[in-house]
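Morning, everyone. Please take a look at the next slide, and then I will walk you through it.

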Number of protein chains: 2
Amino acid sequence: MSAPRPIAVLGGTGPEGFGLALRWAQAGESVIIGSRDAKRAQDAAEKIKQKVGPSANVSGNENLAACATSDLLLLTIPFEGHAALLKQIKPAIGPGSIVIDATVPLAASVGGRASRTLGVWQGSAAQQTAELVPKGISVVAAFQNIGAELLNGEGPVDCDVIVCSDDPNASQIVRNLATKIPGVRAVDGGKLENARILEQITALLIGLNIRHKGHSGIRITGLPVAAYDIA
Amino acid sequence: MSAPRPIAVLGGTGPEGFGLALRWAQAGESVIIGSRDAKRAQDAAEKIKQKVGPSANVSGNENLAACATSDLLLLTIPFEGHAALLKQIKPAIGPGSIVIDATVPLAASVGGRASRTLGVWQGSAAQQTAELVPKGISVVAAFQNIGAELLNGEGPVDCDVIVCSDDPNASQIVRNLATKIPGVRAVDGGKLENARILEQITALLIGLNIRHKGHSGIRITGLPVAAYDIA
């Protein structure tokens, strides 16, 4: 089961969004890079084409325009721009869309450390998203725990992606999308409220990267084979 | 580098403490099981001897007495008894002791779900411990993320143990202790404040266990070999 629709990666000129867009373009998915600046988005798309080859189905556009042409939207933006972007794109989010949130409320957003998080009133960045999108839009939390360096590196990543959503169908679509990244196993992490734990884990991994000079990720062990979505 | 001193496992009659005590007894460590009830502690110690063999260096005692004969104390108690136990044992914690905290503030402690946590004023159960122990006592957060079923099962566990403390020496002692459990790699997770993330991860893993009917754990990937303490 593939995602036939294009994925709009908002914040796709940043390292995390770029890395995800690259991996999906490599897997043959159709990707639209979104940015505040259409030119920067197009440049990023061009860079992906140079890496993947001319057959890569990737384009770039301003965030609002990128939203308007996709119903599978991914947020990979610094937390300080999170609420503002959602308010801006809200009118362009079509009915039945899925908003995937990879945002982490790092304390770095307000001048603190990247190994600490801010408290978000709703519980997590993803739950803040759920409050800010139009009614009936499914929000899915995922991809917080794969570092940009791994995504932009070569070869498979040694990471699981835990996917949390209150919409089981949307969760399944995103788990399928996650398995397009070589090495990734996707795990249904239950309700969207669990995003608060996924977001915390990112801060822990960043702390481990600083302390041990690595590019850490996590694997979930001990679940039955059926619990893992694998490509 | 072994821990020559006995480990007092307070709450060692519960499944988590019992499992850790069992693993350490199997590894030849000296273990004192602590409980509110000395008889129950002695029964648990006897059960471990039956499993490990008569050479097992394990005994049982009331919590306060167990503390008084050890300077390596492990808390594996339900969060609802956490502060009360610490207040009770405080006079018995000798200078230079290390208090290892595996407690997780699950919402189940107040009738909520085991897949959710309570907010702890100090940030985490382990940080609450740091506030309640005598001055100069080192607190180390560890072992939250290895489930009791795995510890009480046979063979190696497929889990990493992240160890957080503001005392690097105490952290190293506990990492060495963690590697006595077959399969475990210990990872220095930095300061004690990071315990709040370790405790959250437990709630996530419990949720995954319920959802997928497994006994989940985590592995940290992507760090240099030197970052992992291995037996």
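Start with one pair. The side chains of E29(A) and K180(A) form a salt bridge, 3.4 Å from N to O. By salt bridge I mean a side-chain nitrogen of Lys or Arg within 4 Å of a carboxyl oxygen of Asp or Glu. E29(A) sits in the loop between α1 (15-26) and β2 (31-35) of chain A, and K180(A) sits in the loop between α7 and β8 of chain A, so this pair ties together parts that are 151 residues apart in sequence. Over all chains, the structure holds 20 salt bridges.

A word on the source. This is a predicted model: local features need pLDDT of at least 70, side-chain atom pairs count only at pLDDT 80 or more, and totals for chains, interfaces and linings use all residues. Residues are numbered from 1 along each chain as its sequence is written, chains are lettered from A and ligands numbered from 1 in the order in which they are written, and side-chain values use heavy atoms, with hydrogens and water left out.

Helices (H or I, at least four residues) and strands (E, at least two) are DSSP runs, numbered from the N terminus.

Now the strands of chain A. Strand β7 (residues 160-165) of chain A pairs with β8(A) in the parallel sense, over four bridges. Pairing needs at least two bridges found by DSSP between the strands. D160(A) stands opposite R185(A) in β8(A). How does the chain get from β7(A) to β8(A), and what is the hand of the crossover? The path goes through helix α7 (residues 168-178) of chain A, and this β-α-β crossover is right-handed. That is, with the strands pointing away from the viewer, the path from the first strand over the helix to the second runs clockwise. β8(A) also has strand β10 (residues 228-230) of chain A as a partner, antiparallel, with three bridges. There, V187(A) is bridged to Y228(A).

Next, the two chains together. How many residues does each chain bring to the contact? Chain A gives 36 residues and chain B gives 36 residues, with contact meaning heavy atoms within 4.5 Å. About 2,700 Å² is buried between chain A and chain B, and carbon and sulfur atoms give 63% of that. Buried area is the accessible area (1.4 Å probe) that two parts lose on being put together, summed over both.

Four salt bridges cross the interface of chain A and chain B. One of them joins the side chains of R211(A) and D188(B), at 3.1 Å from N to O. On the side of chain A that touches chain B, the elements giving two or more residues are β8 (185-188), α8 (195-212) and β9 (217-221) of chain A. Which gives the most? α8(A) does, with 11 residues.

β9(A) pairs with strand β9 (residues 217-221) of chain B, antiparallel, over five bridges. I218(A) has I220(B) as its bridge partner in β9(B).
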